[in-house]
Amino acid sequence: MEIKKVGVIGCGLMGSGIAQVCAQAGLDVKVSEANDALLQKGLGAMKAGLSRNVEKGRMTKEDMEGILSRIKGTTNIADFSDRDLVIEAITENMDLKKKIFAELDKICLPTALLATNTSCLSIIEMAMVTKRPDKVLGLHFFNPVPIMKLLEMVKTIATSAEVLEAGKQFGEKVGKKVIVAKDSPGFIVNRLGIPFMLDAIRMLDSGLATKEDIDTGVLLGFNHPMGPLTLCDMVGLDTLYFIANAMYAELKDPKFAAPSLLGKMVAAGWLGRKTDKGFYDYK
Ligand SMILES: NC(=O)c1ccc[n+]([C@@H]2O[C@H](COP(=O)([O-])OP(=O)(O)OC[C@H]3O[C@@H](n4cnc5c(N)ncnc54)[C@H](O)[C@@H]3O)[C@@H](O)[C@H]2O)c1
């Protein structure tokens, strides 16, 4: 089950990073988007990040060109028919993800592994729309993917041991430390982290402190690399909202309920860094 050809569905924040780290590891990569404009936007963001690395002397121009030559963009899911592994990284929505998994199951080689980068949704539910639930797993990368060392691999009750071993080897090949979690809402990291981020928003909304002081408190008090509101902006407030709603629906625990301020900011289109405005201004 050696993985040489990888497909990534979605070239947003996560998909573009996943495609990049796979190509950096020498793998042959295809990445898809919903339309050509979004594909060009995603590939453009990736190229801009790589160019910054070249300018800062972190990689050579030849390295960058090599990475980009191993990535092909497409808007046609049928192009994934020759992949050993396909990682879905589209919007956090179960119906959309199930639709993609059903399509992939028809298109892909019978031996291909199908993975999702979901932050919290039930993976067995996605696996059951395919005829290969034993070959479906979670590969949950962290943002920004080229920098964050962690890969949370998620096993469902149906994922085979052989597939998990192939997933672990793939994770290590792309330079990540792999941890294994069960298929439960939020797995390990988001089960702990999402309530923390939501509590920071609730604290701000209740007027207990300013956003700067909440972030500085966590930054210096816990020695975290950034404050929780800065982190919310980095994750994307729409994605955080989808995650909170999905985890609350499943767990019915109020600590996962989305604060009303979060819903209002999403309605206003203030989604964090990706729209240049969230808790902070990035223009
Ligand atoms: N943002 C984070 O910090 C983070 C971290 C870990 C995991 N995740 C998970 O990764 C997934 C993607 O999140 P993101 O932050 O990259 O979101 P994003 O909004 O930046 O990107 C999602 C992309 O998927 C594309 N897309 C939607 N439908 C598609 C289709 N049918 N075919 C191809 N592309 C399609 C969208 O156009 C969009 O560009 C979600 O499941 C999210 O929960 C996000």
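Student: How many residues surround the ligand?
Tutor: This is a predicted model, in which local features need pLDDT of at least 70 and side-chain atom pairs count only at pLDDT 80 or more, while totals for chains, interfaces and linings use all residues. Residues are numbered from 1 along each chain as its sequence is written. A residue is near a molecule or strand if its C-beta atom, placed from the backbone, lies within 6 Å of it. The closest to the ligand are G10, G12, M14, S119 and N143, and the residues that surround the ligand number 27.

Student: Which element gives the most to the shell around the ligand?
Tutor: Helices (H or I, at least four residues) and strands (E, at least two) are DSSP runs, numbered from the N terminus. At least two residues of the shell come from each of α1 (13-24), α4 (94-107), β6 (136-141) and α10 (237-251). The most, 3 residues, come from α1.

Student: How do the residues of the shell around the ligand divide into nonpolar, polar and charged?
Tutor: Ala, Val, Leu, Ile, Met, Phe, Trp, Tyr, Cys and Pro count as nonpolar, Asp, Glu, Lys and Arg as charged, and the others, Gly among them, as polar. On that basis the shell has 13 nonpolar, 12 polar and 2 charged residues.

Student: Why does the ligand lie between domain 1 and domain 2?
Tutor: Domain bounds come from an automatic or database domain assignment, which gives domain 1 (5-182) and domain 2 (190-275). Because both give residues to the shell around the ligand, the ligand lies between domain 1 and domain 2.

Student: How many residues of domain 2 are in contact with domain 1?
Tutor: The centres of domain 1 and domain 2, taken over C-alpha atoms, are 25 Å apart. Two residues are in contact if their C-beta atoms, placed from the backbone, lie within 7 Å. Domain 1 brings 7 residues to this contact, and domain 2 brings 10.

Student: Is α7 parallel or perpendicular to α10?
Tutor: Axes are lines fitted to C-alpha atoms, for helices over the stretch in contact, and angles run from 0 to 180 degrees between N-to-C directions. Helix α7 (residues 189-205) packs on α10 at about 115 degrees, with the axes 11 Å apart. Angles under 35 degrees count as roughly parallel, over 145 as roughly antiparallel, 65 to 115 as roughly perpendicular and the rest as oblique. That makes α7, relative to α10, roughly perpendicular.

Student: How many nonpolar residues are in the contact of α7 with α10?
Tutor: From α7 the contact takes N190, I194, M197 and L198, and from α10 it takes L240, I243, A244 and M247. No charged residue takes part; 1 is polar, and the nonpolar ones number 7.

Student: Which residues of α2 make the contact with α1?
Tutor: The axes of α1 and helix α2 (residues 36-55) are 9 Å apart, at an angle of about 55 degrees. That makes α1 oblique to α2. On α1 the contact uses G15, S16, A19 and Q20, and on α2 it uses G42, A45 and M46.

Student: Which residue does a cis peptide bond join to N143?
Tutor: Most residues other than glycine have a negative phi, and most peptide bonds are trans. Here omega is about -5 degrees, and the residue joined to N143 by the cis bond is P144.

Student: Where is F187, with its positive phi?
Tutor: Phi of F187 is near 50 degrees, and F187 is not a glycine. Its place is in the loop between β8 (177-182) and α7.
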